[in-house]
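These entries record what I looked up in one structure. I kept them in the order in which I worked.

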Amino acid sequence: SIMIKEQVQTLLNLFQQSPETTRRLNVCMKCPFLRPDSMKCIKCGCHLKLKVRFESEHCPIDKW
């Protein structure tokens, strides 16, 4: 069905790194609140490799 195809495409898009995902992750890599061992943000506790992929997400200190 169309609904299943849209859901599959959404999941596939998560595995593709867009220019915006790369930009966000580069910002995080320079941030003092990054825990590089776990790739988690100390401010929000999120796993950044996943969080940076969602357009609806934002940096807790407004860096992106």
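**Burial and surface.** I began with burial and found that, of the 64 residues of the protein, 22% count as buried. I took buried as under 20% relative accessible area, exposed as over 50% and partly exposed as in between, with a 1.4 Å probe and protein chains only. The accessible surface of the protein is about 5000 Å², and carbon and sulfur atoms hold 60% of that surface. The areas come from the Shrake-Rupley method with a 1.4 Å probe, and for residues only the protein chains shown count as cover.

**Basis of the entries.** I note that this is a predicted model, in which local features need pLDDT of at least 70 and side-chain atom pairs count only at pLDDT 80 or more, whereas totals for chains, interfaces and linings use all residues. Residues are numbered from 1 along each chain as its sequence is written, and side-chain values use heavy atoms, with hydrogens and water left out.

**Elements and dimensions.** I looked up the secondary structure and found three helices and two strands. Their order from the N terminus is α-α-β-β-α. Helices (H or I, at least four residues) and strands (E, at least two) are DSSP runs, numbered from the N terminus. I then turned to the dimensions: the C-alpha trace spans about 45 × 20 × 20 Å along its principal axes. Among contacts with a separation of 6 or more, 41% join residues 24 or more positions apart; contact means heavy atoms within 4.5 Å.

**Charges.** I recorded 11 positive and 6 negative side chains, with the centres of the two sets 7 Å apart. Lys and Arg count as positive and Asp and Glu as negative, while His and the chain ends are not counted. The place of a charge is NZ of Lys, CZ of Arg, CG of Asp or CD of Glu.

**The nonpolar core.** Which residues form the largest nonpolar core? I found nine: L25, C28, L34, M39, C41, L48, V52, C59 and W64. Such a core is a set of buried Ala, Val, Leu, Ile, Met, Phe, Trp, Tyr and Cys residues joined through side-chain atoms within 4.5 Å. In soluble globular proteins, nonpolar side chains tend to be buried together.

**W64.** I located W64 in the segment after α3. Is W64 buried or exposed? W64 counts as buried because its relative accessible area is 14%. Leaving aside neighbours within four places in sequence, W64 is in contact with R23, R24, V27, C28, K51, V52, E57, H58 and C59. I also checked M29, which is 35 residues from W64 in sequence and 13 Å away in space, C-alpha to C-alpha.

**C41 and F33.** C41 lies in strand β2 and counts as buried, because its relative accessibility is 11%. Beyond four places in sequence, C41 touches F33, C46, L48 and P60. F33 is in the loop between α2 (19-29) and β1; at 28% relative accessibility, F33 counts as partly exposed. With residues up to four places away not counted, F33 touches K40, C41, I42, K43 and I61.

**T21.** I found T21 in helix α2, buried at 4% relative accessibility. T21 touches V52 and R53, not counting residues up to four places away in sequence. V8 is 13 residues from T21 in sequence and 19 Å from T21 in space, C-alpha to C-alpha.

**Positive phi values.** Most residues other than glycine have a negative phi. I noted a positive value for M39, with phi near 55°. M39 is in the loop between β1 (34-35) and β2 (40-41) and counts as buried at 13% relative accessibility. I noted another positive value for D62, with phi near 60°. D62 is in the segment after α3 (48-51). Is D62 buried or exposed? D62 counts as exposed, because its relative accessibility is 66%.
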